[in-house]
Structure formats: C-alpha cells, structure tokens
Amino acid sequence: MSELQDTARRLLDEGLVQVVIGWEEGPRGARPVFVTSAADCERLIFDARCVHNLATFLNPRRSQITALGKAAVVVKGCDAKAVAGLLREAQLERAGIVLIGVRCGGVAGEPATLAPPALSAETVSARCWGCDVREPESVDMLVGEAQPEPPVTADLDERVAALDALSPAERFAFWTKELSRCTQCYACRQACPLCCCERCIVEKTEPQWIETSPHPRGNFAWHLTRAQHLAGRCVGCGECERACPVGIPLGLINRKLQQVVYELYGYTVSEDPAVPAPIGAYATDDTQDFIE
Amino acid sequence: MSVVNQPQRSGERAPDDSGRATAEFEPRITAFVCNWCTYTGADLAGTSRLHMASNVRIIRLPCTGRIDHVFIVKAFERGADGVIVSGCHPADCHYTAGNYHARRRFGVFRELLSFLGVDPERLTFSWVSASEGGKWADVVNETIERVRRLGPFDSYHGLAGAATPADDPFARFEMPAGATGGTAAAPADGHDAASQAPSGTGDAS
C-alpha cells in the first residue's frame, strides 16, 4: 500500500494538510490512526480489516481532532457517502478536507485480526452486501489497485422481509427481546458519522424525552429516535451495529428505513452532496395514502 | 386528596370482571393537532354538538410540522392506546409548508413504528380543516373503534414493567367514568392516597 503512504507523505510534506486520518496496524488488528508527520506515513495501511468509517472523525464537534489542523481522510466508498452526508448538511466545507479514496474489495466483519482474512461469505461484513461505490468518485485522489467484487454475504433485504412477514405482535416481541439487552451506552451514536448533533436529544433533561434508564421502554424510545433521525441520512456503513457491545441488529432497522425512503420518495443514499436528503425536503405530491 | 367514590379509570377492569374486559375497554387516545385547522375544526365539532366519543385528549401545537415523533413515543409510554395526528390540508398550512414536512416525516416514522412492532392501526393521520367539524368527529369515532378492537396497548405500557394503574401518576386526572361510557364506580377501598400519588417515575413532559 505504498501508493497510499506516498500520497499521504506528499500531502504532509507540501503542507497541504496537517493530519492524515487513516488506518494502522495495531496490537489487535487494524485501527484508526492520526498521522501528523511525513515520517510516520509508513504506518498507514489499507486492507480488508480497515472497516472503521473514518468520516466519523470529521464531525466538527470533535474539537480534539479539528485542533490538529486541516485533515486528509482515507475513505472507502461507504465512507465517502458519509462525507457527502456531512457536506450536504453543511457540517463541513469541501475545500476544508482532502479525500484520499481507496479501491475497496469489501471489508471483514471484524477488524481485530492480526492478518487480513481471506474474504468469504462468512467473514465479509454485512455492510458490503449490495455495495455500489467500491471506487469512490467524489474524492481528490484514488489509490490502490482494482479489487475484485466482495463475496456475496447474507442478504440484508431477506432478513428485513422475514421480519416484515411477521405480525406486529411478533415483531414487537422480537425487538423487545433484542432491545432489552441495550444498556444505552450510545456507542451506536458515537460510531455514527452522521450522528453529529451538538447536543443529542437523549441528553436533554428538561423535558426528558427519552428515558435514559436502560429498560425496554427507554430503549425503544432511544432506538426509535436514533433510527428516525437517521432516516434518509444513514449510509449503511454498519458502524453502529459493529460498535454495539450487545449485538443489537441495528443494520436491520437502518436497512428498513433505506427501503422506506426509496419506496416513498425514490431516494437512495448518494455520494453527491448536491442531492437533497428526503427528510427536510418535500414535494407537494408526496404520497399520502396513510392520511385520512 | 379525597378518594371517596374515586371514579373508575376508563379502561380499567371492574374488580369482578377478571379477564373479560374487552367489551368495556375504553381506549385512551392522544391527539396532536395543529392550532390553525384541526383544533379549530374540533372546536367546531364541539360547538355544533356533534356526537363523538370523549376518549380523546387533544394537545394543541402550532403546526403539524411541530409534532416531533417523540411526542407519539411519549404518548404511548404514558398510557395512550392510540394516537391521532391531524393538521391542515396540503396547501393550507398557516406556515406554508409545515404539513408537507410532517407528511414526509410521518410517512417514514409510521413504517419505522410498524417495523418495530407497533401496529400502525393505532396511529391515525388526518387532514381536518377548520370547517370540517364533522370529519373530526368521524376521525375520532373511527380511531376509537379501531383501537377498541385492538385492545389496550399493554405490550408497550408494560415495557418498563410498572404500568399498572396504581403506578400511573396521572390516574387522578382521569375523567369521570360517566363521561367515557364506563359503568361501575370502583370501590374506594384499596385506592388509598398512597397508591394514587405520583410514583416517582419522573415527569418528563
């Protein structure tokens, strides 16, 4: 991956950026790294373990990172969509960042392995299913060699359809069981590149809309709100589900909402920040079958 | 606080009617309505003496665009069996586009609730203008009939494991049983002041 290292070194040497956000080899596998000197660029890697969505670190509220100066970020296709989401919502200025795109052949479900795993239907991340941006286009430079298609993993749509086929009571029982494990640690929020509110609604106490005690009622309120706030914005990078310490299948909810915004408003997540998000925009002839 | 002849809480089962209360079940409906159209329409329904069920608690907001989805979640948490969201017809919004934004959000939120297992039949979305008092009465009556068929929303109310009427800090604000079609008055015994007091679940609204 010397092309990536050379690019980062050049950007830092020429003073175009002050920090390169990428991945490095950690003691337990790949992990994010913030490279601030050209000499450290040899630490940068990219392989199938580089699953983290580094767009999360572009959140302007992460002042300890913005304090490092202008950043270059290594992005996969799914990460580029998240960057586009931040640009769309005026959280970032395009001129204020440099995007180094990498050609991606799919990532593993788990970054904590000492060598890049051979991707198979078992090891590939669920997020790679149906990926349409294996070579991001909105980037300043694209590095790496062309990669093969990722192996086909479990069909997320089939799992969503299986849930849809149940009765509401059965779905309620399913989600009550899943969400009862939630401890409201908000790892899903912290990992999400688009959960970037200055003050999250769950931290508001007057009035307290969402009960923070981790019983299923508060958990329902939290996950309903998290999902609704990401409707039409979620890029499907799957970081929330990976970050979840108790394994709640948040990807199912996110995928369902992607389907809903597509069916109702014809919207698919775009890498182009000029395409408006469906919530916040409207059309006078929107569907209103559900309104009496 | 006087507890003599405490009126029976609507929807509560009579003491001698164990498990067969569906026929007497009176749903509790929360309605979030816009100030300019539906609230005025509901007012018209009242001044026109239209006959409609009185199970609906109306909460007036400036616009349907102001109705956040957490309002609906909170209503279900606090004991609502069904929710009505109603505002101005398209192109009639006092603020030009609030109802269009609401339409998009609730189109998505309705599907989200359904996916998490909340029967969308418990939710009614409607456009009721200021002159449609009759339509408001129909919306209310139809919603109540639908929710009555579905029964109490115990599965959601019981999520925190403490949704019995005695724990309900708002039980003392209930309307008298006669106003909602309930029958017998509950005995005062067993409903002492302590069980009616707020149970410390935290008032968040």
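Two strands count as paired if DSSP finds at least two bridges between them. Helices (H or I, at least four residues) and strands (E, at least two) are DSSP runs, numbered from the N terminus. The model used in these exercises is predicted: local features need pLDDT of at least 70, side-chain atom pairs count only at pLDDT 80 or more, and totals for chains, interfaces and linings use all residues. Residues are numbered from 1 along each chain as its sequence is written, while chains are lettered from A and ligands numbered from 1 in the order in which they are written.

**Exercise 1. Describe how β3(B) and β4(B) pair, and how the chain gets from β3(B) to β4(B).**

Step 1: Start with the overall layout. Chain B has six helices and four strands, and along the sequence they follow the pattern β-α-β-α-β-α-β-α-α-α.

Step 2: Look at the pair. β3(B) and β4(B) run in the parallel sense and share five bridges. Opposite Ser86(B) you will find Ser126(B) of β4(B).

Step 3: From β3(B) the chain passes through α3(B) to β4(B), a right-handed β-α-β crossover (with the strands pointing away from the viewer, the path from the first strand over the helix to the second runs clockwise).

**Exercise 2. Decide which residues of β4(B) lie on each side, and whether they are buried or exposed.**

Step 1: Set the cut-offs. A residue is buried if 20 or more other C-beta atoms lie within 10 Å of its own, exposed if 12 or fewer, and partly exposed in between, with C-beta atoms placed from the backbone.

Step 2: Recall a handy rule. In a regular strand, side chains alternate between the two faces of the sheet.

Step 3: Apply the cut-offs to the strand. Leu123(B), Phe125(B) and Trp127(B) are on one side, Thr124(B) and Ser126(B) are on the other, and all are buried. That makes five of five residues in β4 (residues 123–127) of chain B. For the whole chain, 45% of the 205 residues count as buried.

**Exercise 3. Work out which elements of chain B touch chain A, and which gives the most.**

Step 1: Count contacts (C-beta atoms, placed from the backbone, within 7 Å). Here 36 residues of chain B are in contact with 36 residues of chain A.

Step 2: Assign elements. On the chain B side, α2 (69–77), α3 and β4 each supply at least two residues, and α3(B) gives the most, with 13.

Step 3: Sort by class. The chain B side holds 17 nonpolar, 11 polar and eight charged residues (Ala, Val, Leu, Ile, Met, Phe, Trp, Tyr, Cys and Pro count as nonpolar, Asp, Glu, Lys and Arg as charged, and the others, Gly among them, as polar).

Note on methods. Contact = placed C-beta atoms within 7 Å.
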